[in-house]
Amino acid sequence: MLHELLLTLSGLSGDLFVPYPSEPETATTYKIPPEFPFLHEAEKSSLERLAALGFYYRKLTNFLDKQRGRNENNENHGSVGLQKDNETSLKSTPHGSFIHALCNAINEVLADFHKTIIESEIRILNKEDNMGGVVPISQLVSAFSEYYIILPHLSQLILDVENNPVKYFGCRILNLIIDKCNTGVPELREIMLKLLHACHEVMFKHITSWMVYGQLVDPFGEFFIKDRTLQYNPIEIQEQFSQTKWHRRFILDESFISNNLPNDVAKSILFVGKAIATVRNSTKPYEKHSKFPDKLASLHLQYLLELSSRPIFHQIELENIVNIIRNNVAQWLWQVVLTGDKVVECLEAFKNYFLLGQGDFATSLVEQFEKLSTSRLTSKRIPLIKEQEMNSLLVRASVGTLAEKDLSFEKFRFKIPNTNEQQSSNAISMFDDILIGVPLRFEYDIGWPLDLFVTSEDLSKYGDIFSFLISLRRTQFKLQKVWARLAANVKKERNYKFSKRNKNVMIMPWNVRASMMFFVDCLWAHVQMDIIESNFQKLVHRITISSAHHQRQRSSSITEQSPPSNELERLRDFEDIRLGHASYIGELLRGCLLESRVCTESIRTTLKIVDKFCILLDGTIDIEEKLEQIAKYDAEFREQVMFLFRTLSGVNKTGEGFGGPPRHLDQLLLRLDYSKWFSNYLLIRL
C-alpha cells in the first residue's frame, strides 16, 4: 500500500487510489474506493489527503509537458510570420517567453517534491521510519506537510492562466503572480517569489535589450513596448515610418505594464530605447561621433544585470537605475546629436514662416497671391491649380526678402491635398481654402535629428495656424488697398460733389472700412504679440537653460548646483522638449481661437464679409450705387463681431471648456473693448 501511495504521489493512479469522480465526469482528485476494507476513517482521510497531492502533481506536470511541446515546435519553426499565421490558435492557449519561464520555475518546485518522494521511499526501504514493523502514515503526512498549501495554489495559478490566456499574456502575468505573493503563509510566499523572479528575469532581458542596444526582440509581442511596423507589410514600412520613427514606430502599451512598474518609469524606458534605436538607424557611416559610447553601454548593461540577478524585485531600485540611464542618454544626445542651438534655430524658422514672424516675406507672399487671383480673374478659361505653380509663387515671394538667403526656407513648400487625403485627414483647417479657393497646406520637410522633438502632428498644427494667419494678413492687406483707393479717389475728384440731400456719401465706406480694419488689427496684434511672441520667448528660455546645464555637465566632472528657478524651468531631455513644444503649440492654437469651432467659424465668416466688401470697392468706385450693398455688409460684419465678442466674454467669465478662465482672452477683449464701445453697444441692444 505504501508503494502504491508513493506511485500516486508521483501522479500515477492504481487500484487503491483512483480518480474521483469517475468518468464521464472530470476528476478533481484521487480517492480510495468505498469497498476497500481494513482502513480506519482517520487513516483513509490522511491517505486521501496525500493522494490529492499526487493529483495536483499530475495536473502540473501535464501543463508543463504541454508547454514544452509547444515551445519546441515554435523553436523549430519560429518566425514572426508563423506567429501571425497561428495568432488565432495561440490566443486560445498560454504561450510565450513568460509562460516558459514560469514553467521552468514550477518545474524546480516539482523537482523538490519529487525528491521528497524518493527520500520517503528510501526511508521506507531502509526501515528508518519502522516502528515495530509498521510505518506510520503520520510520518509521510509530516514529510509532505508544506506541499498541502503549495501544490493547490500552483494548480490554481495554472488554471487561471489557462482560463484567461489573453488576460495573463506576457508582462500581464506578473500581476497575477504579484497578487499570489500577497499572502501570510511564509512557505507559499517564498515559492511565489521564486516564480515572480523567474518572470522578472524575462522582463529584465527585454528591458536590457531595449535600453542598452535599442533592439526590441519580442517575437510573441509580450513586452509593454510595441513595434508598430509589425502591423504593416515590409513595403509599407518605409512609407509609414520613414520620418516618424521617434514618435510613432515604437509605442507604449499600458495594458502590458505590471502593477509594480510605475507608468513614468515605463515611459522613461521607452524614451531611452527610442533614442538609441533612432540614432543607430539614422547614423551615417562617417558620423562616428553619433554612435552611442561602448563604455556607457557597458555601464548600463552592468547596472541592469546586477538588478535582474537579485531574488526580490525592488521598485525604487529600478526607478533609480532607469533615471541614471535616462540622464546619461539625454546628456549624450545633447552633446553629440541635437544641441539647444539647433532646436532654437528650428523654432525660429517655424516662427518666421509658419507664424509669419518675418513681415517682409508675409507681405510679399500676400502680394503674390493677389497677383495670382487677378490673373485668374482676367483669364478666359479656368486654369488648373498645380503644386509646382504654388511652390514657384513661394520662391518669387522670397525674392528681395530675408527669406531669399535663408537656408531653412528651402524646406518649406505648399501642398494641395487630394480628395482622399481631405477625407481621411482631420487636420484640414477651415482657413485652407481662403487663399486660392481650394485647400492649400503649408508644409515643412522635417529630417533627422529635428524629428526627435517635432512630430508630423505638430507640423500639421503649424499648418493650421499658418492658414489662419495668412488669411488674416491677406484681409489686412486688402483693407489697406481699399484705403489707398478711397484716398486716391478723393484727391483725384476734388470737385466731386460728395453731398447729396445734405448727406456725405463718402462717410459710410470710410467708417465701414475703419471698423473692419480695427477688428483685423486687434486680432493680428493679439496673436502676434500676446500669443506667439510671449510663448515663443518662454520656450526658447527653457531650452537655453537646458542647453547651458548640459554643457556645464560636459565641461566639468563636478555637477554644479543650478538656481532653483532654473531647475524648475529646465527641460530635462528630448522627451521633455517634445512635451514642452507640444504645450507651446497648444497655447498657440488656443490663443488663435482655433480650438473653438464656434469662434473659428465666426472669424471665417467675418473675413469672408470683409473680402466681399473689398471686392465691392475694387476698381472704379461709384459710391452712390453701392451704398445699399455697403450697408448690408456693415450690418453683417457688426453682427458677427458682436457675436464673437459675446462668446469670448462668456467664456472668459465661466471658463467653460478651458478648465478655468483663459487669461489670454483678457488681453484680446481689452484690445477690442478698451473704449467700452462693444460693452455699451450690447447694453443698448439688451
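**Close-up views of a predicted model**

**Figure 1. A network of salt bridges joins four residues.** Glu370, Arg474, Lys478 and Asp611 are linked in a network of salt bridges, a salt bridge being a side-chain nitrogen of Lys or Arg within 4 Å of a carboxyl oxygen of Asp or Glu. The model is predicted, so local features need pLDDT of at least 70 and side-chain atom pairs count only at pLDDT 80 or more, while totals for chains, interfaces and linings use all residues. Residues are numbered from 1 along each chain as its sequence is written, and side-chain values use heavy atoms, with hydrogens and water left out. Side chains of opposite charge can pair when their charged atoms come close. The structure holds 16 salt bridges.

**Figure 2. Arg474 and Glu370 form a salt bridge.** The N to O distance between these two side chains is 3.3 Å. Arg474 lies in helix H19 (residues 456-492) and Glu370 in helix H16 (residues 359-378), so the pair ties together parts that are 104 residues apart in sequence. Helices (H or I, at least four residues) and strands (E, at least two) are DSSP runs, numbered from the N terminus. Both Arg474 and Glu370 are buried; buried means under 20% relative accessible area, exposed means over 50%, and partly exposed lies in between (1.4 Å probe, protein chains only).

**Figure 3. Glu443 and Arg413 form a salt bridge between two strands.** The side chains of Glu443 and Arg413 meet with an N to O distance of 3.0 Å. Glu443 belongs to strand S6 (residues 441-444) and Arg413 to strand S5 (residues 412-415), and the pair links distant parts of the chain, 30 residues apart. Glu443 is partly exposed because its relative accessible area is 24%. Arg413 also counts as partly exposed, at 26% relative accessibility.

**Figure 4. Asp634 and Arg638 pair within helix H24.** The closest N and O atoms of this salt bridge are 3.2 Å apart. Asp634 and Arg638 are 4 residues apart in helix H24 (residues 623-654), so about one helical turn separates them. Asp634 counts as buried, with 16% relative accessibility, whereas Arg638 is partly exposed, with a relative accessible area of 27%.

**Figure 5. Five acidic residues form a negative surface patch.** The members of the patch are Glu108, Asp112, Glu146, Glu187 and Glu190. Two or more residues of the negative patch come from each of helix H5 (97-125) and helix H9 (186-213). Patches are made of residues with over 30% relative accessible area and no salt bridge, with like charges joined within 9 Å and nonpolar side chains (Val, Leu, Ile, Met, Phe, Trp, Tyr) within 5 Å. Accessible areas come from the Shrake-Rupley method with a 1.4 Å probe, and for residues only the protein chains shown count as cover. Lys and Arg count as positive and Asp and Glu as negative, while His and the chain ends are not counted. The place of a charge is taken as NZ of Lys, CZ of Arg, CG of Asp or CD of Glu. Glu190, in helix H9, counts as partly exposed at 47% relative accessibility.

**Figure 6. Lys274 is a buried residue of helix H12.** Helix H12 covers residues 263-282 and contains Lys274. Lys274 counts as buried because its relative accessibility is 5%. Lys274 and Trp210 are 64 residues apart in sequence, and their C-alpha atoms are 8.3 Å apart in space.

**Figure 7. Tyr20 and Pro21 are joined by a cis peptide bond.** The omega angle of this bond is near -5 degrees. Pro21 lies in the loop between strand S1 (18-20) and strand S2 (29-31).

**Figure 8. Leu356 and Leu593 have positive phi values.** Leu356 is a residue other than glycine with phi near 55 degrees. The loop between helix H15 (340-354) and H16 holds Leu356, which is buried with a relative accessible area of 3%. For Leu593, phi is near 65 degrees. Leu593 is placed in the loop between helix H22 (574-591) and helix H23 (597-616), and is buried with a relative accessible area of 6%.

**Figure 9. Cys181 is in no disulfide.** A disulfide is a covalent bond between the sulfur atoms of two cysteines; here the term denotes a pair of cysteine sulfur atoms within 2.5 Å. The structure holds 0 disulfides. For Cys181, the nearest cysteine sulfur is that of Cys199, 9.9 Å away. Cys181 counts as buried at 4% relative accessibility, and Cys522 counts as buried at 8%.
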